[in-house]
Amino acid sequence: MEQTGKAFLRSSRHAALLALCYFAAVMIPNCILFFTEPYSIWSKAALLTLPAGGYLLWSVAFRRSGIAVWLSFPVIFFCALQIVLLYLFGNSVAATDMFINIVTTNPGEATELLSNIYPSVILVCVIYLPLLWTATVHVRRKVDFSPRFRRQTAVVGGVLALVGAGLLIPAYQTKRHVLRNEIFPVNVAYNVVLCAREYVKIENYDRTSAGFRYHARRTAKADKREIYVYVIGEASRAANWELYGYDRPTNPRLKALGDEIVVFRNMLTQSNTTHKSVPMILSSVRTNEHDELFRRKGLPALFNEAGFRTWFLSNQSPQGAMIDKLARDADSLIYMGHPRYDMQLLDTMKRIVEADTENDLLFILHCYGSHFSYHQRYPREAAYFLPDDDVAIERQHKQKIWNAYDNSIRYTDTFLSSVIGYLASLDACSALLYSADHGEDMLDDDRERFLHASPTTTCWQLHVASLAWFSEDYKRVFPQQAAAAASHENAPATTHALFQTIADIARIEADYVYREASLASPSYDTTVRRCYLNDHNRAVPFRATGLNGTDLAYFRRRGIEL
């Protein structure tokens, strides 16, 4: 009998130890967020006490210690994901956009990401895999809590939960939706729900947009065939373009074109995530009309209605996102193969133009954009800044990372100037409009951020490179549009203006096409307040996206008013 009592005591101690380890492991994200997030003191106090009480209550909700651990696996997954996110971006909770990226990314991008954040992946494995393994052992061996430990833990948990709930009262006096937006893991669970709703809308796009028409018509035509090229760049921030004042020669060929190109110096992206920014670039939808994205068709459909033959040439892999849905509206859709250098887009475009000598053409070129491993964006002979080795994302490797990124900008310079040169050689009325979908962080300041798609933004993610070019024939036939674009080099704009601008360049009139939103229109409205599409798909002022003093100083230096 005494031996049995000792065994039970050892067993109950092991159960208690597992419960405490579980509590400590799942509280890690809350403790970090307490220091990283700009919440009120009441929200921060609730961030610790309310989940702590809930976790303690849950940890002893079942007689056997391992059951609660395994039943809370979704919470453990959220904790692991949150730690990885904090490693990557330094702050903020796992966002809706992050979950959308998970379900719409392709294997190549996923592999690239994981290979460059392996320290955080290893860390969460070290924390949570032993916990789950121990919980499995406890369930199999029927390890039980002592009644006394369960009672004491439940009391402490209940008190903490009540205190946390009480702290929400003053927290709600300073901000709405505190529980939904600021208390982990409730906020992450809410973001998962939003992600699921968004994914359903994407999957239903073909049905919800089936009857949509622009009722498009051309108000004027050239005396020869028209060819328009709409180029969507990937993660190309203005700060690293020589055309925008960067002190390295990243745009020698475009710079040599001088006044032949129009550089839009005040262009901000509507989103720092590809899965939202590119569909918005392909759409007439305003930033504050996000749900309309799933009802309206995009740019290929507009040009189809206007009588153009449309081609969508993508240097990306299909992702199952809205980009693919909108791309399929084009008459022809081609995905490039490896090595995915952007000059492949031009080579393919040349073959199409030479084969089709009669139709007016729209080409949408979606450029390649590896992250982390920027050297994959360009062939080795295009490496100008050296060394540009593929290295781990650490501050001591910053110069190599920047060299590779600047080489990718220089290769974009070669690509765009080559497309312009080819269009100039054709006997056609032609124009090109280019913009990056968003920018990129590259260990720029003491925040040590890298990549993009963070829940809060930076100036380097928002300020994107954008430019236009018009052939001599275009300037002759449509001088007003070319002149208007040149006059709007410094006009405040977001990537919403791109759809409107290319439609105006092609002289297309249609529902949802607004001249006051086109940079190629003399009536472009510079007074409209610019907005950003946040993680919950709400249009917010750019100042409300998490910018700090460094970001605001950057915009002031460039004469950009938010």
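The side chains of Glu448 and Arg395 meet in a salt bridge, with N and O 3.2 Å apart; the term stands for a side-chain nitrogen of Lys or Arg within 4 Å of a carboxyl oxygen of Asp or Glu. This pair links distant parts of the chain, 53 residues apart: Glu448 sits in the loop between strand E9 (441-442) and strand E10 (450-451), and Arg395 in the loop between strand E7 (361-366) and helix H17 (398-425). Helices (H or I, at least four residues) and strands (E, at least two) are DSSP runs, numbered from the N terminus.

Before going further, a word on the model: it is predicted, so local features need pLDDT of at least 70 and side-chain atom pairs count only at pLDDT 80 or more, while totals for chains, interfaces and linings use all residues. Residues are numbered from 1 along each chain as its sequence is written, and side-chain values use heavy atoms, with hydrogens and water left out.

**Salt bridges**

The structure holds 28 salt bridges. Among them is the one between Asp144 and Arg64, whose closest N and O atoms are 3.5 Å apart. Asp144 lies in the loop between H7 and helix H8 (147-174) and Arg64 in the loop between helix H2 (41-59) and helix H3 (65-71), so the pair ties together parts that are 80 residues apart in sequence. Asp445 and Arg447 also meet in a salt bridge, at 2.7 Å from N to O. Elsewhere, Asp223, Lys224, Asp427, Asp473 and Arg476 are linked in a network of salt bridges.

How covered are the partners? The table uses relative accessible area, where buried means under 20%, exposed over 50% and partly exposed in between (1.4 Å probe, protein chains only).

| Residue | Relative accessible area | Class |
|---|---|---|
| Glu448 | 44% | partly exposed |
| Arg395 | 34% | partly exposed |
| Asp144 | 15% | buried |
| Arg64 | 25% | partly exposed |
| Asp445 | 14% | buried |
| Arg447 | 21% | partly exposed |

**The chain as a whole**

The protein chain has 22 helices and 15 strands. For 562 residues, a compact globule would have a radius of gyration near 24 Å, and the 27 Å of the protein chain agrees with this; the radius is taken over C-alpha atoms, and the globule rule is 2.2 Å times the number of residues to the power 0.38. Along its principal axes, the C-alpha trace spans about 100 × 45 × 45 Å. Of the 562 residues, 57% count as buried. The accessible surface (Shrake-Rupley method, 1.4 Å probe) comes to about 23,000 Å², and carbon and sulfur atoms hold 58% of it.

Helix H21 (residues 496-505) is mostly covered, with 10 of its 10 residues buried. Among these are His496, Phe499, Gln500 and Asp504. Just after H21, Arg507 takes a positive phi of about 60°.

Val139 belongs to helix H7 (residues 118-140) and is partly exposed, at 33% relative accessible area.

**Cysteines**

Counting a disulfide as a pair of cysteine sulfur atoms within 2.5 Å, the total comes to zero. For Cys195, the nearest cysteine sulfur is that of Cys79, 18 Å away. Cys195 is buried, with a relative accessible area of 8%. Cys531 is likewise in no disulfide, and the nearest cysteine sulfur, that of Cys459, is 19 Å away.
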